[in-house]
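Good morning, colleagues. Please look at the sequence and the structure first.

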Amino acid sequence: MLLGLVQPTGGDAKILGCPYSSVEVRRKVGFLPEDFRFYDWLTASELLDLHGRLSGLTAGELKVRVPAYLELVGLSAQRDLRLRGFSKGMLQRIGLAQALIHEPELIFLDEPTSGLDPMGRHLVRDIIRQQRARGATVFLNSHLLSEVEITCDTVVFIKQGEVIATRDLHSSPEGEIHIAIRVGPVAPETVAGLSQWASSVQLAHNRITLSTKSMDALPEILRHLVGAHVDVYEFTPQRLSLEDSFLNIMGEDPSS
Amino acid sequence: MNQLWIITRVTFLEAARRKILWTAMLAAAAFLALFGTGMHYQTKDLLTSRDIPPVLRYQILLTMLQVGLYAIDMLAVVMTVLTSVDTISGEIASSTIHAMATKPIARWQLLLGKWLGFAAMIAAYIALTFGGVIAVGYFIGGVVPHGALQGALLVYLECLVLLTTTFFFGTWFSTLTNGVIVLGLHGLAFIGGWLEQIGSVTKSPRLVMVGILSSVIMPSEGIWRRASYVMQSAIGRSLDFSPFTTRSAPSVTMVAYAATYLLVVLALALYRFQHRDL
């Protein structure tokens, strides 16, 4: 809808301060559709040339950027091959290049790694980081939550068209941290003392499990155990994964 | 405006790259070879025959030329519909349009650019094939139709009407449905044209009216009959009654109606494409 493919039934929206229906604002926007299809009778370099021209690049700019972006997505060797001979992964790479060639300020990537092997995914992650470093904002739409967790700063959960939760993945991690500690002999009062930093403290078979809400508690807990002369063999904090958050949030939602 | 020409260029390039244009040209070349052979033997036989007066010989060769032009008209109509039937509906169905429509290009530029690309391709096709038949007539048979340029332009208008109708229905329906509708409408106009001609011979005004009504719904065939009429000789106009010639010719008003029809349908296609989800 923001890109003008679907007509809204009501309301209004702005992109980069311009009305969503503005054609001109799309010079600053890049898009890789999920169901990506391109003219398969074009070669890889012709496709980038076409999309670059449509995005307003000059002939001089295209001369530099077409080979540069083919190189970026690892398709320099296939520059003169027609797209009809490309695999899904190769199409996804050229699709990414066409979304980026005009160096947009805002980039929408819809499932950009769904057809890629691990090397390809790594490449896409690097490209997204480069775009972020360039100052662009990247919207990554994905059901691969591990991918989102590695790549994104902020995650938004959408259900039935409505934002039901937002998580900042780096600057202020939310959710409980579960800690598993393998210890030698330990006095019950030492274990009880951990309650000042954590909840759900349990001891079973030389293994303490507890939960805390703050990363700052971790050194305090370790210091407390070492100060009580407890032998610590293993100390493993585990943050709630994005997938767990996803399941929790969807579970919390009354409409689910 | 630059965006419009980018789309026009890529549409023309697509026709050439996907071998659509070349295959159509090859079919036309095969037809021209066959037609040229026929014209050659007919001319030779007529020259050796002492029973046929020169005026009639000329008329026979001119009618044969009309047959050739009629065949070219049919080939141009089929090529117009078959090449363009998939361009809007197919790209919407396959989502190919997503990457294009999200670029800084207005919807009207996208549709009009494609339309211009096809219009250019059809112009090239008609120029070469129509010119080919006329060259065969001139160099082998020694005959030239009257108003050849006017006739070619009318055939071009006929194809543009069909192209525009195909674009319009392409913004509403799937490729197959679109093809069925457009060819169905042209078939309706074709039958209507025949009824009008028969009505003209049998002096049945109601039959003529049915024919005129069919031309109002789809003016394509009517334009061909006008083209056929302007390319006939005076003798041919008074004698002939065949699919290749015209007894009851649509008026200039009909041509003006067809041009208006084209513009209105193009405007409707642009409106529909502008407001539909892709």
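I begin with Leu203(A), which stands opposite Ile208(A) in β10(A). A word on terms: helices (H or I, at least four residues) and strands (E, at least two) are DSSP runs, numbered from the N terminus, and two strands pair if DSSP finds at least two bridges between them. The model is a predicted one, in which local features need pLDDT of at least 70, side-chain atom pairs count only at pLDDT 80 or more, and totals for chains, interfaces and linings use all residues. Residues are numbered from 1 along each chain as its sequence is written, while chains are lettered from A and ligands numbered from 1 in the order in which they are written.

The two residues I named belong to the pairing of β9(A) with β10(A), which is antiparallel and has 4 bridges. Which strands make up the sheet around them, and in what order? It is an open sheet of 4 strands, ordered β9-β10-β8-β11 (chain A), and its pairing is antiparallel. At the edges are β9 (199–204) and β11 of chain A, each of which pairs on one side only. From one strand to the next, the twist averages 15 degrees; axes here are lines fitted to C-alpha atoms, for helices over the stretch in contact, and angles run from 0 to 180 degrees between N-to-C directions. Helix α7 (residues 217–227) of chain A packs on this sheet and touches β8, β10 and β11 of chain A, its direction making about 160 degrees with that of β11(A). Contact is defined as two residues having their C-beta atoms, placed from the backbone, within 7 Å.

Let me complete this sheet. Strand β8 (residues 177–183) of chain A pairs with strand β10 (residues 207–212) of chain A in the antiparallel sense over 6 bridges, and in β10(A) the bridge partner of Ile177(A) is Thr212(A). On β11 (residues 232–239) of chain A, β8(A) forms 7 bridges, again in the antiparallel sense; here Arg182(A) stands opposite Glu234(A).

I turn to another sheet. This open sheet of 3 strands runs β3-β4-β5 (chain A) and has parallel pairing. Its edge strands are β3 (29–32) and β5 (137–141) of chain A, each pairing on one side only. The twist averages 10 degrees from one strand to the next. Between β3(A) and strand β4 (residues 106–110) of chain A there are 4 bridges in the parallel sense, with Val29(A) opposite Leu106(A). Helix α3 (residues 88–100) of chain A packs on the sheet, where it touches β3 and β4 of chain A, and its direction makes about 165 degrees with that of β3(A).

Now the chain as a whole. Chain A has 8 helices and 11 strands. Why is it described as more spread out than a compact globule? Its radius of gyration is 25 Å, well over the 18 Å that the globule rule gives for 256 residues, so chain A is more spread out than a compact globule. The radius is taken over C-alpha atoms, and the rule is 2.2 Å times the number of residues to the power 0.38. Along its principal axes, the C-alpha trace of chain A spans about 75 × 45 × 30 Å.

Finally, the partner chain: 24 residues of chain A are in contact with 20 residues of chain B. Helix α1 (residues 44–54) of chain A supplies the largest share of the side of chain A that touches chain B, 4 residues. Thank you.
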